[in-house]
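Welcome! Take a look at the picture first, then try each task before reading on.

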Amino acid sequence: MYVNMPETSPLPRHIAIIMDGNGRWATQRGLTRLEGHHAGFKTVHSVVKYLGELKIDYATLYAFSAENWNRPKEEVSGIFRLLNQFIDKETADLHKNNVRIRWLGREEHLSAALLAKMNRAVSLTGGNTGLTLCLALNYGGQQEIVDAAKRLVADKIAPELIDERLFQSYLYTADMPGVDLLIRTANELRISNFLLWQSAYAEFYFTPVLWPDFNREDLDHALEAYSRRNRRFGGL
Ligand code: IPE
Ligand code: IPE
Ligand code: MG
């Protein structure tokens, strides 16, 4: 359990995670990349459980980017198979634990079966009041901003009415707070098109730990680092 944080420093309200390194984890062990993704989903299970225990309000997990379609067909279909299994296996448990499931991303390219499954999970858990768990799936930050702009135009919103607040209400994350803490595993120091708008004032935490190895202690370290940051939001 997380113990090292000074009493005065609040926990982040919204944690976003770029779950990276499944492939390298597998390669290091002489396993297939898909076995790495399988291990990665196990980590999702345990990290989500811990986030709930910590009473974090929002967690957004990058599960599949709009650019991940560039991977070999077999890897992509394997990831989607694992994702389907994850939703089948975990939804009831998440519901029992008062988790509200959402998904962020574009519908294009996703199968009707997966969309139906996700929509069922979202509506089943819609009334829950614990952790809001957002799965970013077929998600891109630039695509999200483009989608918002298209909807603003479709709604014939007058330019003088558009400000940051209104624009935000057209994003996938309309009613959610911005990202407080953004974690990326596997030693990559980039944002890879994740939550571009929402991370405007996020604190970044990078770790060399590969996602399948990421555990409670690693999350504690991230939270501890966060608690030591001095967030200024442009002020003093
Ligand atoms: C992250 O792990 C999972 C997805 C992008 C779906 P990677 O598959 O990117 O792992 P590395 O970066 O190749 O090690
Ligand atoms: C970002 O990881 C996407 C997910 C974790 C789902 P990538 O492994 O796809 O990112 P790049 O290609 O290294 O930037
Ligand atoms: Mg990667």
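**Exercise 1: Around ligand 1**

Which of the 13 residues around ligand 1 come nearest?

Step 1. In this predicted model, the nearest of the 13 residues are D20, G23, R24, R33 and R71.

Step 2. Now look at atom pairs. The side chain of D20 has an N or O atom 2.9 Å from an oxygen atom of ligand 1. For the side chain of R24, the corresponding distance to a ligand 1 oxygen atom is 2.7 Å.

Step 3. With G23, the backbone takes part: one of its N or O atoms is 2.9 Å from an oxygen atom of ligand 1.

**Exercise 2: Around ligand 2**

Find the residues that surround ligand 2.

Step 1. The surroundings are I18, M19, D20, Y62, A63, F64, N68, R71, R184, R190 and S192.

Step 2. N68 places an N or O atom of its side chain 2.9 Å from one.

**Exercise 3: Two packed helices**

How do helix 2 and helix 3 pack?

Step 1. Helix 2 spans residues 33-53 and helix 3 spans residues 73-96; their axes are 10 Å apart, at an angle of about 25 degrees.

Step 2. Angles under 35 degrees count as roughly parallel, so helix 2 is roughly parallel to helix 3.

Step 3. The contact includes R33, F41 and V48 of helix 2, and I79, F86 and L94 of helix 3. Sorted by class, this contact has 9 nonpolar, 4 polar and 5 charged residues.

Step 4. As for handedness, the crossing of helix 2 past helix 3 is right-handed.

Technical notes: Residues are numbered from 1 along each chain as its sequence is written. Chains are lettered from A and ligands numbered from 1 in the order in which they are written. This is a predicted model: local features need pLDDT of at least 70, side-chain atom pairs count only at pLDDT 80 or more; totals for chains, interfaces and linings use all residues. Side-chain values use heavy atoms; hydrogens and water are left out. Axes are lines fitted to C-alpha atoms, for helices over the stretch in contact, and angles run from 0 to 180 degrees between N-to-C directions. Helices (H or I, at least four residues) and strands (E, at least two) are DSSP runs, numbered from the N terminus. Angles under 35 degrees count as roughly parallel, over 145 as roughly antiparallel, 65 to 115 as roughly perpendicular and the rest as oblique. A crossing is left-handed if the near helix is turned anticlockwise from the far one by less than a right angle, and right-handed if clockwise. Contact means heavy atoms within 4.5 Å. Ala, Val, Leu, Ile, Met, Phe, Trp, Tyr, Cys and Pro count as nonpolar, Asp, Glu, Lys and Arg as charged, and the others, Gly among them, as polar. A residue is near a molecule or strand if one of its heavy atoms lies within 4 Å of it. A polar contact is a pair of N or O atoms within 3.5 Å; within protein, one must be able to donate a hydrogen and the other to accept it, and residues adjacent in sequence count only if both atoms are side-chain atoms.
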